[in-house]
Amino acid sequence: MLVSWRWTRVCCGSFAAAALLLISGCGGSGSGVITPPPPPPPSTAQFDLVQVANGFSAPLDLQQPADSSGRLFVVEQGGHIQIIQSNGTRASTPFLDVTGRGGFTSGGETGLLGLVFHPQYAQNRRFFVNYTRNIGGQLQSVIAEFTASPMNTDFADPATEKILMTVDQPFANHKGGGLAFDKAGYLYIAFGDGGSGGDPQCNGQNINVLLGKILRIDVDSPPAAGLNYVIPPSNPFVNQTGRGEIWLYGLRNPFRFSFDSASGNLWIGDVGQALYEEVDLLTPKQGGANLGWNLREGTHAYPATTCSQTGSALTDPIFDYDHSNGDASVIGGHVYHGQKIPVLAGIYVFGDFISGRVWSLTQSGQSWTRTLLLTTAGNDLAAIGQDQAGELYVARYSSGVIERLHQVGQP
Ligand SMILES: [Ca+2]
């Protein structure tokens, strides 16, 4: 599901048909604020994955609320959120089941694609998801809020749903999916360009639509007239041409993104078209940046573009990579702030769905160095999740396993 047409066509025949085309794809500038930046992990450090739980069906996101429960929540593409209890056992019933919501649809790059818990979840039990539905033949993305039961903390009634927004989708791929809160408490929503290949509708450069964007909304203030949320007045297109919800534009398929909990910087894995995958890094002051699609794929001109550039400047990724080693769909990860792997302190960890490779990315001067940490199976690495302690996990789409990133010799 992550990957899309390219994966289906190029990569793997029958296996691909059964799997997820999440990302689709195929392939700025900003600067970190960590001073001095940490060096790459030493070449003597060896990494592996420690299984936490297994038996999940197409897991593609992993989240943990700030509620001290120690539970990990696993998002399954088919419409369920499952719980791994703090002792490692899996709850016997789902936390949430959206398969009965009207028109819910999954498969390919559609389905239940993302989850985030409200920063004050321990007090308000609110959480947010991104899923797709088909209403009268129109495919839509839905951003919805649910509330966990006050009586049973392992259950959320689907009837508590409050839909924040729906966005019509022109094609079946490039749905984005990630959700995250920043330090100020605003909710960020990632939408892909709507699909097909090469962004034929030029949604990336169209600031009057929500596709090909990362949005920023306020879900805590009383809703604005006609909306189920509030547009922060500091958003870049408020009171001028363009949709007020937009924070960043010119994206292709930002399936996974995250905030560095220390710096507040935003890290995005934007899946490329056919040649280049990219990692974008933006400070909290870079709202309104144009990340380039479909004028640029990674740091390269996209020769097949038919779109006009919106705005005067393009922001290139800090890092891009080609498909020469079997890589083909970047999976955005997290800056590591855990305790168990000191050699990764302050370092961004990300991966690739198609190759199953997991890397660190470190800065030296103006250049970035990618270092291979480990390789999982191909067509399997759907998400890199983070717990409240800052430890990292992988959600393995095809094998249904949740594992923790581990350094050999460390706890
Ligand atoms: Ca870009």
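Visitor: How many helices and strands does the protein have?
Guide: Three helices and 26 strands. Keep in mind that the model is predicted.

Visitor: What does the C-alpha trace span along its principal axes?
Guide: About 50 × 50 × 45 Å.

Visitor: What share of the residues is buried?
Guide: Of the 411 residues, 52% count as buried.

Visitor: Sheets next. In what order do β10, β11, β12 and β13 sit?
Guide: They form an open sheet of four strands in the order β10-β11-β12-β13, with antiparallel pairing. The edges are β10, residues 179-181, and β13; each has a single partner strand, so one side of each is left without a neighbour in the sheet. On average, neighbouring strands here are turned by 20 degrees against each other, direction ignored.

Visitor: Over how many bridges do β11 and β12 pair?
Guide: Five, in the antiparallel sense, with β11 covering residues 187-191. In that pair, Tyr 188 stands opposite Arg 216 in β12.

Visitor: What about β14, β15, β16 and β19, in what order do those come?
Guide: The order is β14-β15-β16-β19, again four strands in an open sheet with antiparallel pairing. β14 and β19 are the edge strands, each pairing on one side only, and β19 spans 319-322.

Visitor: How many bridges join β16 to β19?
Guide: Four, and the two strands run antiparallel. Glu 278 stands opposite Asp 320 in β19.

Visitor: Where does Asn 294 lie?
Guide: Asn 294 is in the loop between β16, residues 276-282, and β17, residues 296-297.

Visitor: What is phi of Ser 68?
Guide: Near 65 degrees, which is a positive value in a residue other than glycine. Ser 68 belongs to the loop running between β2 (59-63) and β3 (72-76).

Visitor: Is Ser 68 buried or exposed, and why?
Guide: Exposed, because 9 other C-beta atoms lie within 10 Å of Ser 68, and a residue is exposed if that count is 12 or fewer.

Visitor: And Asn 239, what is its phi?
Guide: Near 65 degrees as well, a positive value in a residue other than glycine. Asn 239 sits in the loop between β12 (213-217) and β13 (246-249).

Visitor: Why does Asn 239 count as exposed?
Guide: Because Asn 239 has 8 C-beta neighbours inside 10 Å.

Visitor: One more asparagine. Where is Asn 253 found?
Guide: In the loop between β13 and β14, the latter being residues 256-259.

Visitor: Does Asn 253 count as buried or exposed?
Guide: Asn 253 counts as buried, because it has 36 C-beta neighbours inside 10 Å. The cut-off for buried is 20 or more.

Visitor: How far apart are Asn 253 and Asp 199, in sequence and in space?
Guide: They are 54 residues apart in sequence and 10 Å apart in space, taken C-alpha to C-alpha.

Conventions
Residues numbered from 1 in each chain as written. Predicted model: local features only at pLDDT ≥ 70, side-chain atom pairs only at ≥ 80, totals over all residues. Pairing = 2+ DSSP bridges. Axes fitted to C-alpha atoms, helices over the stretch in contact; angles between N-to-C directions.
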